[in-house]
Amino acid sequence: MASLFHLHLISDATGETLTTIAKAAVVQFPQMRPIEHVYPLVRSQRQLERVLQEIESAPGIVLYTVISKELQAVIEQRCKELKLPCLHILEPIMHVFESYLGATQTPTVAGQHVLDADYFKRIEALNFSMAHDDGRLPVNLDLADIIIVGISRTSKTPTSIYLANRGYLTANYPIVPGVEIPQELLKPTTAFVVGLVASPDRIAQIRRNRVMMLADRDLDDYVDRDRITAEIMFTRRLCARQGWPVIDVTRRSIE
């Protein structure tokens with residue numbers, strides 16, 4: 001069994017940066033499991049004091065991203081008194097930037113979360129992907145940056161949403177046995193079309209779990225391994241004929 005330890009994450013913003021970096025570090029120690037304590041929007045001495053009381057009651061590693069020098073000093077001092085390791089995770093990175101650029105930083109709380117052009121581009125892409133999910137192709141395919149095709153349970157929708165959050169206008173089209181592929185999809189387009197496939201066993205497992213969640217016991221066709229194999233072969237032949245690249249997503253995350 002994995003050993004448990006307390007991991008305290010203090011941020012004056014949403015804490016997304018902290019949790020992402022902490023996760024990247026924790027997975028390098030599979031024998032350990034963190035009990036995460038996340039404290040977002042800590043911007044005052046009073047708020048920080050409550051956090052430090054919780055840290056004292058459950059000692060562990062302390063990571064933080066706090067702009068205020070005053071609050072940083074309090075965190076460092078209290079952790080020193082409690083003999084706990086703590087680290088301002090952005091400070092080493094900022095030192096590298098300052099040294100190389102020859103410029104000093106301008107501290108900005110939640111500076112990565114701003115309503116700029118990139119933000120609105122992501123919102124537009126999310127709206128586009130939601131409107132063109134599960135076969136609802138845009139009238140003009142050239143409007144899309146990416147079109148994902150694949151049989152049921154190959155993570156088309158989650159991948160579309162992930163790409164949209166990166167600013168890509170993404171649509172997806174399900175390949176269904178017996179349903180003819182739209183001719184407009186088979187014509188040349190500026191959109192990048194890609195096929196997703198997975199192993200028959202993996203798809204059968206996901207489909208079985210999905211149908212059971214819906215309390216539908218008619219599993220024969222949907223989870224039949226031979227039928228799924230045929231669907232995958234059809235997808236591969238279609239993509240080869242159209243010159244579309246194929247990605248095998250078996251046991252792969254959408255990232």
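## Basis

Numbering starts at 1 in each chain as its sequence is written. In this predicted model, local features need pLDDT of at least 70 and side-chain atom pairs pLDDT 80 or more, while totals for chains, interfaces and linings use all residues; side-chain values use heavy atoms, without hydrogens or water.

## Buried Ser11

Ser11 sits in strand 1 (residues 3-11); strands are DSSP runs of E, at least two residues, and helices are runs of H or I, at least four, numbered from the N terminus. Ser11 has a relative accessible area of 3% and is buried (buried is under 20%, exposed over 50%, partly exposed in between; 1.4 Å probe, protein chains only).

A polar atom of the Ser11 side chain lies 2.9 Å from the backbone nitrogen of Ala13. Beyond neighbours within four places in sequence, Ser11 has contacts (heavy atoms within 4.5 Å) with Leu18, Tyr39, Pro40, Leu41, Val42 and Thr65.

## Nonpolar patch

Ile93, Val96, Phe97, Tyr100 and Leu101 make a nonpolar surface patch of about 590 Å². Patch residues have over 30% relative accessible area and no salt bridge; nonpolar side chains are joined within 5 Å, like charges within 9 Å. A salt bridge puts a Lys or Arg side-chain nitrogen within 4 Å of an Asp or Glu carboxyl oxygen. Areas follow Shrake-Rupley with a 1.4 Å probe; for residues, only the protein chains shown count as cover.

Val96 belongs to helix 4 (residues 91-101). Val96 is exposed, at 54% relative accessible area.

## Positive phi

Most residues other than glycine have a negative phi. Lys83 has a positive phi of about 60 degrees. Lys83 lies in the loop between helix 3 (69-82) and strand 4 (86-88). Its relative accessible area is 74%, so Lys83 is exposed.

Arg251 also has a positive phi, near 60 degrees. Arg251 is in the segment after strand 8 (246-248). Arg251 is exposed at 63% relative accessibility.

Terms used
Polar contact = N/O pair within 3.5 Å; in protein donor to acceptor, adjacent residues only side chain to side chain.
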